[in-house]
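Here are my notes for a first look at this entry. Please keep the view open while you read the points.

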Amino acid sequence: MKKIMLFLSFPFLILSCSLVTDEDVVLSLPLSIPLEEMSNESIYYTLRYFDGKRVQSLHIPSHSRRVEVSVKRGLLSFFLIYPAEMFTPLSAYKEPGKDVSTFCYRDSSLIEFLMDIAEEAPTLAGNISLSLLLERYEADEIDKMEFLSMLEKGKLTLSSRIRGEKYPVKLENLIYGRWHSDRDDIPDIIVRESAESITLSLYEGVYIFIHENMDKMLTLAVSGSGEYISKVEEFRSWY
């Protein structure tokens, strides 16, 4: 009865009693990644992953599309693959008894946040049912600090108010042309005139855009309070 009550009270938590052993899994990168399409170059990646017990990392050379790692069977594991180390990561996760989810950008903001939690508190980060959580929320819209507070208190339930909000981000004096998003789920910015101001609506997070001439990079950082900073810099070679 006690376990049933726990499940009803905390539906986002994994209650696994299975034996924890090592399990090899193969991670496959998508065939199409925006940064490679923009540059027409194969690039290298950095894999950062939580194996159920601890966070690890390894280098994936250019031209490689698959990598095999060992994780703990019976525990949640999750993965982040960073193009050229510095760009927005693609993410995937594996819950006990299930296959690895498909790598995508959509869930990366939450999984990157969980990875940081796992560095300090692996048990806390490893007891979440990501599939249930991501059925109810989009990763970008989750208020990360409220989410962490509920998680630490053991009060993360279906009725938890952890949905954040979008904030207006006004950009001025951007160079004319198309600014390509490094994510396939965030639209490009199109500036039709050099003096045109552009207003975006974004959740908390960091967003990267690269000018179509590949000479400038725009970075936007939006805080949980709606404040934001933007920076345009020279786009240095990364491959």
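How much of the protein chain counts as buried?

1. Burial. Of the 239 residues in the protein chain, 46% count as buried. Buried means under 20% relative accessible area with a 1.4 Å probe, protein chains only. This is a predicted model: local features need pLDDT of at least 70, side-chain atom pairs count only at pLDDT 80 or more, and totals for chains, interfaces and linings use all residues. Residues are numbered from 1 along each chain as its sequence is written, and side-chain values use heavy atoms, with hydrogens and water left out.

2. Make-up. The protein chain has six helices and 13 strands. Both are DSSP runs numbered from the N terminus: helices are H or I with at least four residues, strands are E with at least two. Residues 24 or more positions apart account for 56% of the contacts with a separation of 6 or more. Contact means heavy atoms within 4.5 Å.

3. The four-stranded sheet. Look for an open sheet in the order S3-S2-S5-S6, with antiparallel pairing. Two strands pair if DSSP finds at least two bridges between them. Strand S3 (55-60) and strand S6 (90-94) are the edges, each pairing on one side only. Neighbouring strands are turned by 20° against each other on average, direction ignored. S5 and S6 pair over five bridges, in the antiparallel sense. Serine 77 has lysine 94 of S6 as its bridge partner.

4. Helix H3. This helix covers residues 108-120, 13 residues in total. From first C-alpha to last, H3 reaches 19 Å, close to the 18 Å expected at 1.5 Å a residue. The expected span is 1.5 Å times one less than the number of residues. H3 lies across strand S2 (45-50), S3, S5 and S6, and runs at about 115° to S5. Angles run from 0 to 180 degrees between N-to-C directions, with axes fitted to C-alpha atoms, for helices over the stretch in contact. Among the buried residues of H3 are Leu110, Phe113 and Ile117.

5. The cores. A nonpolar core is a set of buried Ala, Val, Leu, Ile, Met, Phe, Trp, Tyr and Cys residues joined through side-chain atoms within 4.5 Å. Which members of the largest core touch the most others? Of its 28 residues, they are Phe78, Leu110, Leu130, Leu133 and Phe147. Strand S5 (77-83), H3, helix H5 (130-136) and helix H6 (144-153) each give two or more residues to this core. H3 supplies the largest share, seven residues. A second, separate core has 26 residues, including Ile43 and Phe235.

Technical notes: Buried means under 20% relative accessible area, exposed over 50%, partly exposed in between (1.4 Å probe, protein chains only).
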